[in-house]
Protein chains: 2
Amino acid sequence: MTVKPLSAGLNVRAGRKTLRIPGVIARDIGLQIVSGHYRPGEVLNGEIETSGRLHVSRAAYREAVRILAAKGLVKALRKVGTRVTPREEWHLLDPDVMGWIFEFEPDDATLASLFELRRMVEPEAAALAAARRGEEDLAAMAGALKGMARYGLESKAGRAADQAFHAALLRATGNAFVASLIAGVGAAVTWTTFYKGTHSRQLRDSLPDHQRVYDAIAGQDPSGAREAMTELVDLALRDTTDARKRIGRKKRATP
Amino acid sequence: MTVKPLSAGLNVRAGRKTLRIPGVIARDIGLQIVSGHYRPGEVLNGEIETSGRLHVSRAAYREAVRILAAKGLVKALRKVGTRVTPREEWHLLDPDVMGWIFEFEPDDATLASLFELRRMVEPEAAALAAARRGEEDLAAMAGALKGMARYGLESKAGRAADQAFHAALLRATGNAFVASLIAGVGAAVTWTTFYKGTHSRQLRDSLPDHQRVYDAIAGQDPSGAREAMTELVDLALRDTTDARKRIGRKKRATP
DNA sequence: CCGCGCCGCTTTGTCAGACATAATAGCGCC
DNA sequence: GGCGCTATTATGTCTGACAAAGCGGCGCGG
């Protein structure tokens, strides 16, 4: 899938199935903001101008801007225009924002920060999951593991299974706030496996790591789960950074 | 400040300064959703009907719905209506959603979950802050401490200072994702101090806890900071739950 | 010359009414 | 009884108009 963020030639009405016009526009502008094409403080073009250029009504465009404002990316001021918000005010953990960020190749700092957060949350989450998991949680994780084994991390299905494993684990904590980090973790997971699958000659098999986490959770062993997950995250980070160092940087890429 | 979520008699055009009509409506409906007045799966009334009842244009109402959809609270489907999303899909870490949740008295499970998350993140955040803090970070935290000491946790200013301390600490981590948890932590902090200040006879002074965290960060002592913060969060949780047990439950309250 | 306040213009904010479109439910036909 | 068509009814989108709120410039006065 190719990202096409240059709204100059964006045809909003092209074959869209589920996403409405405002959604398409919001995504487009959102991508440009998180990718740095629009920078904080910069003001977007006027509503009449932009909506005209995109051949959509002003109302539809305004709804798009509202979506972005709801995610903290922009702020509209009368007379002055719609201005891109400073980065600290962005709702970075919003699933859409997170997705937009990771449609481009994130820079090292971003990726490192995300792994730092995973490193804080996931080990404890694994411990909680070990204490609280129900049978359905185990089934979901087991199913994901099976999927990883079956399709491998090079395939889309395999990566989806990897994400599903972590999602099921976070859900198993029974903590709604923790569970709402799924989008963020998923983004990191995708990038990890994407890198390994694409650039690394011998991609280290992370399935055993996952299996150990699963076993500890299944065995209701919180501290074991914590340790196993700590190692998993550390190894995933190492794999990712190694791969990036080895192959240098591309301008952008799409998993 | 009193929350007034019953949109039946909501006068959207009453003295609003900064918040536009869609914002007011979004907040109103958002409050009703997170408070359980509208339940997941339930469909909101039609756009024409509701916008008419509120005496606002359909466009304005639609923008409000878009805001809620951007936060994962609702999902609009043609012909079927705008339906409240299942709770797992809510963007709970969104600052607005978080704020709406904590405008009512959160139930025990919610508060416990939030403290669980703090317990995962803040100790490590303190450790990171100890390693990376700059002079401005220290100054911000020191200022917040001074504010806490000066105004006390019973006052609004004091609680704001408490929040500011935690916000400055999260910012000092240099991790943007961690920093975007400020809203969540702030909500928990407010409720902690609110409870203690309102209901507890002798409110335990948490200033020394904060001071120890600060000292460790100032002294660039990561593990010390981690320990101090762990204790701070544990004590805060204990204070809060103790206070709640002691006084039983009120239907709702507003800090 | 400098400062202060008024005025107008630009941009977002809101409104009204119309038509488009899709998904459901119910009807009718096989 | 099952299948497909159609009418209904939501949201989706468009158009064009007016309201109002800041910023900037202009002019007056010190």
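## A loop residue in chain B

B:Q220 sits in the loop that links α10 (207-218) to α11 (222-247) of chain B; helices (DSSP runs of H or I, at least four residues) and strands (runs of E, at least two) are numbered from the N terminus. Phi of B:Q220 is near 50°, a positive value in a residue other than glycine. B:Q220 counts as partly exposed because 13 other C-beta atoms lie within 10 Å. On this scale, a residue is buried if 20 or more other C-beta atoms lie within 10 Å of its own, exposed if 12 or fewer, and partly exposed in between, with C-beta atoms placed from the backbone.

A word on how to read the model: it is predicted, so local features need pLDDT of at least 70 and side-chain atom pairs count only at pLDDT 80 or more, while totals for chains, interfaces and linings use all residues. Residues are numbered from 1 along each chain as its sequence is written, and chains are lettered from A and ligands numbered from 1 in the order in which they are written.

B:K79 belongs to the loop between β1 (74-77) and β2 of chain B. Its phi is near 70°, again positive in a residue other than glycine. B:K79 counts as exposed because it has 4 C-beta neighbours inside 10 Å.

B:G174 is in the loop between α7 (156-172) and α8 of chain B. With 18 other C-beta atoms within 10 Å, B:G174 is partly exposed. The C-alpha atoms of B:G174 and B:R133 are separated by 8.0 Å, although these residues are 41 apart along the chain.

## Chain A at a glance

Chain A holds eleven helices and two strands, and along the sequence they come in the order α-α-α-β-β-α-α-α-α-α-α-α-α. Of its 255 residues, 45% count as buried. Two residues are in contact if their C-beta atoms, placed from the backbone, lie within 7 Å. Among contacts in chain A between residues at least 6 apart in sequence, 66% join residues at least 24 apart.

A:R27 is found in helix α1 of chain A. It counts as buried because it has 20 C-beta neighbours inside 10 Å. A:R27 and A:M98 are 71 residues apart along the chain, and their C-alpha atoms are separated by 12 Å.

In soluble globular proteins, nonpolar side chains tend to be buried together.

Leaving aside neighbours within four places in sequence, A:A225 is in contact with A:A126, A:A127, A:A129, A:A130, A:V213, A:A216 and A:I217.

## Where the two chains meet

Chain A and chain B each bring 29 residues to their contact. On the chain B side, α3, α5 (108-132) and α8 (176-179) each give two or more residues, with the largest share, seven residues, coming from α5(B). That side divides into 15 nonpolar, five polar and nine charged residues. In these classes, Ala, Val, Leu, Ile, Met, Phe, Trp, Tyr, Cys and Pro count as nonpolar, Asp, Glu, Lys and Arg as charged, and the others, Gly among them, as polar.

The α3 helices of the two chains pack at an angle of about 35°, with axes 8 Å apart; the axes are lines fitted to C-alpha atoms over the stretch in contact, and angles run from 0 to 180 degrees between N-to-C directions. A:A59, A:R62, A:E63, A:R66, A:I67 and A:A70 of α3(A) meet B:A59, B:R62, B:E63, B:R66, B:I67 and B:A70 of α3(B). This contact is made by six nonpolar, no polar and six charged residues.

A residue is near a strand if its C-beta atom, placed from the backbone, lies within 6 Å of it. DNA strand D has 21 residues around it, with A:I21, A:S57, A:A60, B:E47 and B:A76 coming nearest. Two or more residues each come from α1 (21-34) and α3 (58-70) of chain A and from α2 (47-54), α3 (58-70) and β2 (81-84) of chain B. The most, three residues, come from α3(A). By class, this surface has nine nonpolar, four polar and eight charged residues.

DNA strand C is surrounded by 20 residues, the closest being A:G46, B:R20, B:I21, B:S57 and B:A60. At least two residues each are supplied by α2 (47-54), α3 and β2 (81-84) of chain A and by α1 (21-34) and α3 of chain B. The surface near DNA strand C divides into nine nonpolar, four polar and seven charged residues.
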